[in-house]
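The following paragraphs lead a new reader through one protein structure, a step at a time. Keep the sequence and the model in view while reading.

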Amino acid sequence: MQAVIFDMDGVLIDTEKVSKQAFTKAFESVDLKFTEELYQKILGRSLKDIEVFLEETLHYPNIARQIIQQREIEFAKYYQTHPVEVKTGIFDFLAFIKNRRLKTAVATSAKESIAVPLLEQAGLIQHFDTLTFGSQVKKAKPHPEIFLKAAASLAVRPEETIVIEDSESGIIAANQGGFQAVFIPETKPTKTFSQQYNFAYYQKVQDFQASLQN
């Protein structure tokens, strides 16, 4: 193992609940209900990709665009008055892998203008060798482009690189790119998904760290 690539939302910082709340309010603004099933389908995708998905699902392009715009407003509004919450165990894990002289990168579907302020506010940005954003790639997860770009920026091969993700689309992208995948989702993956894709599942990053120490 030469490097570790981290997803940002839900892996490094606890933005998933904020994003979910922002989407709920955005859907309510157009008199629609944001369901858990829909949330799972868009988890890990870029906002641009989500907009396309919603256009196809809702069949109202203008409503999809309005939802995304309102979601961005609600998301930004939250962090004007609340601190960024770093996931438990992340700082210790970063110190652990740096002590092993492993390269580190962030590969997030978020735009640079959104991700950088969050990483800076969280005190995380200085811990990574490179950053790759959704705005820098043409194809969103589950396509592996963002992970391949991050690996190239670190000058490492996919097969010698671990990708840590919390979304199914991220795990699919890691598999398709030839990376070693570590899955730390909010809920345990389904049996069907576990049979279809290759990954190591952990409930929290501390468990993954413990496995490396053994």
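Three salt bridges are counted between domain 1 and domain 2. The model in which they are found is a predicted one. Polar contact joins four residue pairs between domain 1 and domain 2, with both residues of each pair at pLDDT 80 or more.

The size of an interface is often stated as the accessible area that is lost when the parts come together. Between domain 1 and domain 2, about 1300 Å² is buried, and 49% of this lies on carbon and sulfur atoms.

Next, turn to strand S1, which covers residues 3-6. S1 pairs with strand S2 (residues 103-108) in the parallel sense, over four bridges. Within S2, Thr 104 is the bridge partner of Val 4. S1 also pairs with strand S4 (residues 161-165), in the parallel sense and over four bridges. Here the bridge partner of Ala 3 is Thr 161 in S4.

The salt bridges can now be followed through the rest of the model. A search of the whole structure finds 15 of them. One is formed by Lys 41 and Glu 37, with the closest N and O atoms 3.6 Å apart. Both of these residues lie in helix H2 (residues 36-42), where they are four residues apart, about one turn of the helix. Lys 41 has a relative accessible area of 43% and is therefore partly exposed. Glu 37 counts as exposed because its relative accessibility is 56%, and the cut-off for exposed is over 50%.

Another salt bridge is that of Arg 65 and Glu 55, with the closest N and O atoms 3.9 Å apart. This pair links distant parts of the chain, with Arg 65 in helix H4 (residues 61-81) and Glu 55 in helix H3 (residues 47-58), ten residues apart. Arg 65 is partly exposed, at a relative accessible area of 36%. Glu 55 also counts as partly exposed, at 24% relative accessibility; buried would mean under 20%.

Arg 157 and Glu 159 form a further salt bridge, and their closest N and O atoms are 2.9 Å apart. Arg 157 counts as partly exposed at 48% relative accessibility. Glu 159 is partly exposed too, with a relative accessible area of 48%. Salt bridges can also join in a network, as they do in linking Asp 7, Lys 141 and Glu 165.

Lys 141 leads on to the backbone. Most peptide bonds are trans, and most residues other than glycine have a negative phi. Which form does the peptide bond from Lys 141 to Pro 142 take? This bond is cis, and its omega is near 20 degrees. Pro 142 is placed in the loop between strand S3 (130-133) and helix H7 (145-154).

Two backbone angles remain to be pointed out. Asp 31 is not a glycine, yet its phi is positive, at about 60 degrees. Asp 31 is located in the loop between helix H1 (16-28) and H2. With a relative accessible area of 71%, Asp 31 is exposed. Ala 155, again a residue other than glycine, has a positive phi near 60 degrees. Its place is in the loop between H7 and S4. Ala 155 is exposed, with a relative accessible area of 63%.

Note on methods:
Residues numbered from 1 in each chain as written. Predicted model: local features only at pLDDT ≥ 70, side-chain atom pairs only at ≥ 80, totals over all residues. Heavy atoms only, no water. Buried < 20%, exposed > 50% of the residue type's maximum accessible area, 1.4 Å probe, protein only. Pairing = 2+ DSSP bridges. Buried area = accessible area lost by both parts, 1.4 Å probe. Salt bridge = Lys/Arg side-chain N within 4 Å of Asp/Glu carboxyl O. Polar contact = N/O pair within 3.5 Å; in protein donor to acceptor, adjacent residues only side chain to side chain.
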